[in-house]
Amino acid sequence: MKPAPFEYIRAESVLQAQEWLAADPEARVIAGGQTLMPMLAMRLVRPTRVIDIAGIAGLDEIAVTAELVTFGAMVRQVTVERSAAVAQALPLLAKAIRYVGHPPTRRRGTIGGSVANADPAAEIALVAVTLGAEVLTTADGFSARDFFLAPMTTALPAGAMVTGLRFPRVTAARRGTGFAEVAMRQGDYAMAAAACELVLGAGGEVASLRIGIGGATPVPVLLDLAEPTREAIAAALAPLEMMHDPNAGAGYRRRAALALAMQALDEAQREVMA
Amino acid sequence: MKLVLNVNGSDRMLELEDRTSLLDALRDGVGLKGTHAGCEHGVCGTCTVLLDGEAVRSCLMLAAQAEGHAVTTIEGVTPGPGELSIVQDSFVETHGMQCGYCTPGMVLTAIALLRDNPAPTRDEIVEAISGNLCRCTGYGQIVEAIALAAERLQRSNTP
Ligand SMILES: Cc1cc2nc3c(=O)[nH]c(=O)nc-3n(C[C@@H](O)[C@H](O)[C@H](O)COP(=O)(O)OP(=O)(O)OC[C@H]3O[C@@H](n4cnc5c(N)ncnc54)[C@H](O)[C@@H]3O)c2cc1C
Ligand code: FES
Ligand code: FES
């Protein structure tokens with residue numbers, strides 16, 4: 001038994017979880033446990049209480065409307081992976097989810113846990129920032145861009161919890177998406193990743209181009225792009241702070257981010273032409 | 001805390017500390033040592049069990065989180081005492097193990113894969129076991145074992 005002692009309790013409603021969190025700053029939510037359990041085992045965290053939110057009714061639902069796709073915080077990553085509705089409404093997320101860990105970790109890991117955890121390499125966070133998603137919490141809603149502040153650090157106020165993630169839905173017929181990443185092994189955290197969504201207008205002109213970078217930077221970044229060219233992407237990457245570690249230096253990550261962005265763009269362009 | 005875990009089809013009443021992982025509950029509480037403890041923080045996959053038929057890591061769950069679900073360990077996959085299931089038998093036949101440390105996790109991961117996808121491609125097998133480390137075999141014979149099991153399961157009428 002590796003974790004320090006704590007009390008395990010099951011919340012029956014968001015309100016109850018919120019009350020327990022507000023009452024005890026040392027309490028923590030457990031969603032899928034795929035990050036919290038290792039942190040507990042290594043005693044990187046020593047919570048007093050661990051609040052299980054898996055039994056809260058309605059928190060594991062996906063709602064697709066004409067304009068929005070909303071995920072409850074407890075939606076398992078595998079549910080996203082297997083959902084035909086998500087594949088159709090949010091193809092970029094459907095592509096990215098397959099890079100999140102391994103099938104057994106996706107069986108347990110959740111959308112909300114990934115967002116709350118804010119790993120710089122988290123693919124779900126990257127897609128959220130790229131597509132302009134909104135993080136729903138028991139306090140305010142936050143645009144994903146404003147929610148991720150630094151590695152493992154979010155704007156979530158103390159005592160609040162993440163309740164969901166909401167994406168705007170693009171219904172244009174001519175849309176292509178691409179996702180690419182580089183990691184030490186399949187399923188490992190990305191050293192760099194890129195996500196792209198390209199939408200063409202009726203006349204074939206670029207109606208919207210979004211390219212996001214994750215893994216390389218401390219938080220996912222939506223690139224500010226005037227045009228879909230290598231030069232424009234390189235220029236947008238130039239001012240960004242890159243992370244570095246013994247496996248991947250800042251220079252490597254910047255070059256990888258550029259190459260992966262080109263791959264993702266290429267995939268999106270091929271898809272939109274097909 | 002007191003809890004009831006459904007393991008290999010029978011309910012087991014356990015008295016455990018809240019912080020007990022499902023892995024420790026199975027090994028030390030229920031006394032089934034077939035579920036191996038490797039890294040105990042989610043990296044190696046040797047602790048894999050089936051939760052409601054799907055592969056999960058028992059070191060990455062609290063025992064309490066498994067309450068109300070059906071847990072299957074390697075001890076629960078054989079047709080009878082002294083017998084091997086088709087998947088286990090295929091591992092023996094292709095020599096899909098050396099030290100055997102990773103084997104329970106590999107077998108259960110394979111069972112979960114073959115239930116969803118009875119005829120996986122080589123790439124699909126490789127992806128399915130991508131979260132399970134083996135320090136001995138180089139994986140080649142494990143992939144072969146799973147392919148052989150798929151073939152045999154398709155031809156058999158017992159699981
Ligand atoms: C071997 C392995 C490989 C992995 N590879 C990747 C990868 O490539 N990419 C990737 O993105 N992830 C990866 N992960 C992590 C991923 O599996 C987790 O699912 C995810 O990071 C956390 O989700 P969770 O539901 O498991 O959260 P938990 O582990 O339950 O929680 C994580 C943290 O968030 C908090 N939290 C959870 N839910 C909420 C909520 N609703 N409100 C407020 N706080 C909350 C918890 O208190 C905790 O601090 C990997 C994990 C493992 C074990
Ligand atoms: S012991 Fe559970 S993944 Fe290694
Ligand atoms: S057979 Fe030894 S670790 Fe796989």
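Trainee: Why is the meeting of the side chains of A:Arg106 and B:Glu127 called a salt bridge?

Mentor: A salt bridge requires a side-chain nitrogen of Lys or Arg within 4 Å of a carboxyl oxygen of Asp or Glu; A:Arg106 and B:Glu127 lie at 3.3 Å, N to O, so the pair qualifies. Between chain B and chain A the count is six salt bridges. This is a predicted model, in which local features need pLDDT of at least 70, side-chain atom pairs count only at pLDDT 80 or more, and totals for chains, interfaces and linings use all residues. Residues are numbered from 1 along each chain as its sequence is written, chains are lettered from A in the order in which they are written, and side-chain values use heavy atoms, with hydrogens and water left out.

Trainee: What makes up the area that chain B and chain A bury between them?

Mentor: Buried area is the accessible area (1.4 Å probe) that two parts lose on being put together, summed over both; for chain B and chain A this comes to about 2700 Å², with 53% of it on carbon and sulfur atoms. Of the area that chain B buries against chain A, 26% is supplied by B:Arg19, B:Leu60 and B:Glu127, more than by any other three residues.

Trainee: How do you know that strand 2 and strand 3 of chain A pair?

Mentor: Strands are DSSP runs (E, at least two residues), numbered from the N terminus, and two of them pair if DSSP finds at least two bridges between them. Strand 2 and strand 3 of chain A share three bridges in the parallel sense, and therefore they pair. A:Ile30 stands opposite A:Asp52 in strand 3 of chain A.

Terms used. Helices (H or I, at least four residues) and strands (E, at least two) are DSSP runs, numbered from the N terminus.
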